[in-house]
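Biologist: I would like to learn how to read a few features of a model. Please take them one at a time.

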Amino acid sequence: MPSPLLLDVKMESIGKFSRFGAALAGRPVIDVNDGGDHPPVFHGVRYALVWKPAAELFRRLPDLEVLFSVGAGVDHVFACDAVPDVPIVRFVDPSLTGPMSEWVVLQCLMHLRQQRQYDGQQRAHVWHDRPQAWADEITVGIMGMGVLGRDAARKLGALGFRVIGWSRSGKPADGSLDGLAMHGAAELDVFLGKSDFLVGLLPLTAETRGIYNRSLFSKLRRGSQDGIAAPVFINAGRGGSQVEADIVACLEDGTLGGVSLDVFETEPLPDTSPLWDFDRAILTPHVAAASDMEALGRYVAAQIARHEAGEALENVVDRAAGY
Ligand code: NDP
Ligand code: OXD
């Protein structure tokens with residue numbers, strides 16, 4: 001009998017459980033949120049899949065061997081106490097990467113083609129053509145050149161945008177950048193000074209908390225391109241990396257021309273947030289790349305099969321770095 005997979009997943013899309021279960025190929029599942037009568041300690045449970053798990057969960061899993069994250073990010077795991085000393089495997093899959101790049105490309109095009117301004121003209125029945133810059137006049141700076149940043153870079157590059165990237169270690173960007181790859185604090189200002197559109201695809205760690213703030217926005221390239229309200233900030237990494245009071249103030253005083261945000265300091269975004277009411281703010285409710293449950297089930301099953309065959313797990317988090 002295979003060891004069960006324990007689930008502690010608080011997200012709406014986990015509703016599609018049937019496809020998830022089928023993809024697990026017969027492995028039993030214990031859902032700690034199913035309202036059932038669960039034991040205080042889950043002896044014999046070697047695997048768990050979590051999203052924002054209960055703070056005390058890990059104390060109930062003495063036999064845990066591998067911890068899986070429902071998403072690519074693992075900040076929700078490190079927010080817990082007593083994170084066990086087992087490999088933490090994050091979700092990396094084309095079903096996540098592709099949609100994220102779609103979202104990033106969509107936002108860059110919305111700002112490039114001034115769609116919000118044309119929406120306003122449409123509402124006011126105004127027929128007026130605006131000066132238009134082209135993609136090859138815009139530099140998109142991507143903060144976070146990991147799995148998601150590299151794919152977005154490739155796809156933006158294919159549309160003609162100039163793309164530059166910034167990361168922690170400056171690992172080679174495997175050809176996804178034809179522009180500059182920069183890294184570390186020393187190169188950040190140069191990177192920002194070249195960026196018309198700034199895309200955030202960083203994980204949330206102690207180093208990246210609050211990194212998108214007024215000081216950073218004020219270093220973006222200014223006064224750039226025809227008609228476009230720039231610079232633009234686009235974030236789908238984590239809301240904890242952005243200072244929303246600064247974003248609001250920077251939209252008000254023109255330090256930022258526009259923003260697209262998928263992630264927020266508090267989710268759901270409180271009804272009282274001024275961000276809701278800016279024409280130049282495009283907001284989506286943390287949906288840039290939702291985990292597909294069937295793909296996730298297949299992924300978890302494949303990783304467990306590797307583990308049980310004595311092969312190395314893939315996409316294991318670096319605990320010291322926090323992502
Ligand atoms: P990766 O781990 O593959 O990439 C992370 C990138 O961030 C790497 O390039 C890394 O640098 C860089 N980085 C990390 N810390 C720093 C730092 N202190 N300074 C500079 N660069 C840093 O992650 P993914 O690309 O798979 O995912 C990124 C994030 O996207 C996730 O952590 C998650 O928060 C978010 N996400 C959001 C979703 C949504 O729907 N909104 C969906 C999926 C993910 P280096 O290359 O040197 O290691
Ligand atoms: C993720 C997310 O980290 O959906 O995958 O935010």
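Modeller: First, the ground rules. This is a predicted model, where local features need pLDDT of at least 70, side-chain atom pairs count only at pLDDT 80 or more, and totals for chains, interfaces and linings use all residues. Residues are numbered from 1 along each chain as its sequence is written, chains are lettered from A and ligands numbered from 1 in the order in which they are written, and side-chain values use heavy atoms, with hydrogens and water left out.

Biologist: At what angle do helices H3 and H5 pack?

Modeller: Helices (H or I, at least four residues) and strands (E, at least two) are DSSP runs numbered from the N terminus. Axes are lines fitted to C-alpha atoms, for helices over the stretch in contact, and angles run from 0 to 180 degrees between N-to-C directions. Helix H3 (residues 94–112) and helix H5 (residues 147–158) pack at about 50°, and their axes are 9 Å apart. Angles under 35 degrees count as roughly parallel, over 145 as roughly antiparallel, 65 to 115 as roughly perpendicular and the rest as oblique. H3 and H5 are therefore oblique to each other.

Biologist: Which residues of H3 and H5 meet?

Modeller: Contact means heavy atoms within 4.5 Å. From H3 the residues include Leu-96, Met-100, Val-104 and Cys-108, and from H5 they include Val-147, Asp-151 and Lys-155.

Biologist: Which residues surround ligand 2?

Modeller: A residue is near a molecule if one of its heavy atoms lies within 4 Å of it. For ligand 2 these are Trp-51, Gly-71, Ala-72, Gly-73, Arg-238, His-286 and Ala-289. A polar contact is a pair of N or O atoms within 3.5 Å.

Biologist: How many residues surround ligand 1?

Modeller: There are 29, the closest being Arg-90, Ser-169, Glu-207, Asp-262 and Tyr-323. The side chain of Arg-90 has a polar atom 2.8 Å from an oxygen atom of ligand 1. Arg-238 has a side-chain N or O atom 3.2 Å from an oxygen atom of ligand 1. For Asp-262, a polar side-chain atom lies 2.9 Å from a nitrogen atom of ligand 1.

Technical notes. Polar contact = N/O pair within 3.5 Å; in protein donor to acceptor, adjacent residues only side chain to side chain.
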